[in-house]
Amino acid sequence: MYDSMMLESIKEVEKTRTKRLNEEFARLTADEKLELLHNFHPDFRDDTQREVKIGANKGEKIPHEIADLLESKSLLNPKSFDIINAEHDVDVLIIGAGGAGSAAALVAKESGAKVLMVTKLRHGDSNTVMAQGGIQAADKTNDSPMTHYIDVVGGGGYTNIPELARALTMDAPSVIKWLESLGCMFSKDEDGTMQTIHGGGTSRKRMHFASDYTGAEIMRTLRDEVQNKEIETIEFCSAVELLLDEDGKCGGAVLYNMETKEYFIARAKTVIIATGGSGRLHLAGFPTSNHYGATADGIVMAYRAGAKLAFLDANQVHPTGVVYPKQMIGQLVTEKVRGIGAQLVNTKGEQFIHPLETRDVVSSAVIRECEHRQNGYEVEERQYAVWLDSPMIDLIHGKGTVKRELPAMFKQYERYDIDMSKHPILIFPTLHYQNGGILIKENGETEIENLFVAGEVAGGIHGRNRLMGNSLLDILVFGRRAGKAAADKSKNSDVKILSLKHVERFHKQLEEAGIESERTSPMLLPKYHK
Amino acid sequence: MGQAKMIDIYIMGKKYEVPSDLTVMQAMEYSGYKLIRGCGCRGGFCGACGTVYRTPDDFRIKVGLACQMVVEKDMQFIQIPFFPANKKKYDIDEFNADLPSLMKLYPEISRCVGCNTCTKGCPQNIEVMDYMAAAIRGDIEAVAKMSFDCIMCGLCASRCPAEEVQYYVAILARRLFAKHVVPRASHLEDKSKEIEEGLLDEEINKIVAMNKEELKNLYDNRDIE
């Protein structure tokens, strides 16, 4: 429920609403965008990052919170830990059971591999399940993978690895077709045509969606199918280290039962890391929209094994995170709200940015509006926000649209007696997505033989900035590719005796670099308890 | 906004004093619980944190998601992060979107007594009993559409006197409906075929090979639908 001061501020928004209905805020030029980013995006702040002292990315800047985890000791003592007895011996071990892991599992199984999938929480616990907005694919007649590609690399600041962006956009239609064939309930017209809308930075309406439960619908469909296919999945079981042989080839992992606290070993001919993102590290102190388990575990394990990371200094703050009610702080207000007409408005009732610029640009503009121009609403001491004018949606598309098109969002606000179809909502950027990750090639391979990576934990696809709807796409494109490649590779993979020698060497490097912290990683879960 | 006042809550019967503006999940953490079960997306989408509670002024059992509801004075609660349920395995291609399919996999749907406890126990406010009634009628479309907001937390099944697993019936119906009733998207078929046949390879290769300046030129001058 809004208090009287908020209701006063809302009046300013309402005053200009009719006028704004026909007002399109000018899009920024390339130079204006750059200036805005450099002045206000947290990626460019001096105090958020440092040079990492050891490993394959030594000397490169990485956010403090991630660098802390990389410059930490293993949870295991590599000298004394017994890895002789393997409880599991499989073709493909998949670490993480969100969208990427589940897609990989289905394809690996279909390719004839014996698959084991482990996840530190439940099957489906992931950022995938929270993705509301949609999934991009250029499958309409006015669109093409080439047009999609140009949007992707333009949005990514021309830093994307071309072959990865190519795979992303060229596989997109077949990924949607695959989901359709699995009985994923997309929002469609009567004749079966996919309903598609714009997202930030798209030049065509190519955002497919399933109401505003897109990720949840995809995840529950994939999980149901993994269960139908009887793929072995162990829940509440994380991986804490990879196992390598003397040639540096990956051949399994040390697993950890989150509930009984026991360690055990899984041998595998190939391993796929699909552990997701890192929002729960709260980079630069931002609240996050991420799942409880988004703690960068895969990055830590792979880095110790010698993998190269890319673009980890680029982290996406999503422009519209909830600021009020405070119980929902950090949660995402899907970009679809802007996609179907809501504008961003300051306390004077003015627009200050085109609502469908790319996320980095819109976030920077909101930060500027609040921190520099002082046109934000002060929700709590030093916690500013701007208005997202959601009632415009019903004015544009007809009464009942908000409730019909954004049922999840509507329901969440309704729990706190806020009707977002009648009143605008208070937002500020929230930490949303790890743009970079473990550097991959187009089939999910890494520089470590037998080790594959897919999903948010991978880096290079989106360059420095991902567009809305390309993450649900990426996890499926590269999940499927990694699943196939790992299954194929497992048929002629020869791994020698496994060890944790690489962890021993890593500990030695920590010592040599003078890092004397008692920190251990991976983090597995954030510490929110007293 | 001032400092929130402190209130008593009872976590599985044990009293803790917590600020009154916390969610149930935050209140558990405030009380010292490190959650492994009963915590997932923290945003109301994943169904990990189904919670059952009572307040002193009401004899009724209430439900909610721990991440989505604010604590109430003197509430007593327990999370139900898991409840036993048998999911039937099936090949989606071998079943139609009809009553015999539902009856073959979940014959117990006919045991529904229409008590509406499932609906009252749904934190998503889904009309669970109504979609179960639709299932018994074989109206797969109605089941699919009415159950769409289901997060599969399992609270409906936990309280059902007829021992149904409503949410598994619902996902079966949704998948059968989307697969076998809704028409396929022809544009999807066409575009995938074009790509598979390599008809776009030349064009995409040209763009993939472009340098930054060339791409920038295309991007800055692209037309926006």
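1. In helix H2 (residues 30-40) of chain A, the buried residues are Lys33(A), Leu36(A), Leu37(A) and Phe40(A), where buried means under 20% relative accessible area, exposed over 50% and partly exposed in between (1.4 Å probe, protein chains only). Because they cover an arc of only 95° around the axis, they lie on the same side of H2(A), the arc being that of the directions from the helix axis to the C-beta atoms. On the other side of H2(A), Asp31(A), Glu35(A) and Asn39(A) are exposed. Helices (H or I, at least four residues) and strands (E, at least two) are DSSP runs, numbered from the N terminus.

2. The cover over the buried residues of H2(A) includes helix H10 (359-372) of chain A together with helix H10 (212-220) of chain B, with contact taken as heavy atoms within 4.5 Å.

3. This is a predicted model, in which local features need pLDDT of at least 70 and side-chain atom pairs count only at pLDDT 80 or more, while totals for chains, interfaces and linings use all residues. Residues are numbered from 1 along each chain as its sequence is written, chains are lettered from A and ligands numbered from 1 in the order in which they are written, and side-chain values use heavy atoms, with hydrogens and water left out.

4. Phe83(B) sits in the loop between strand S5 (76-79) and helix H2 (99-105) of chain B, and counts as partly exposed because its relative accessibility is 34%. Not counting residues up to four places away in sequence, Phe83(B) touches Ala157(B), Ser158(B) and Tyr167(B).
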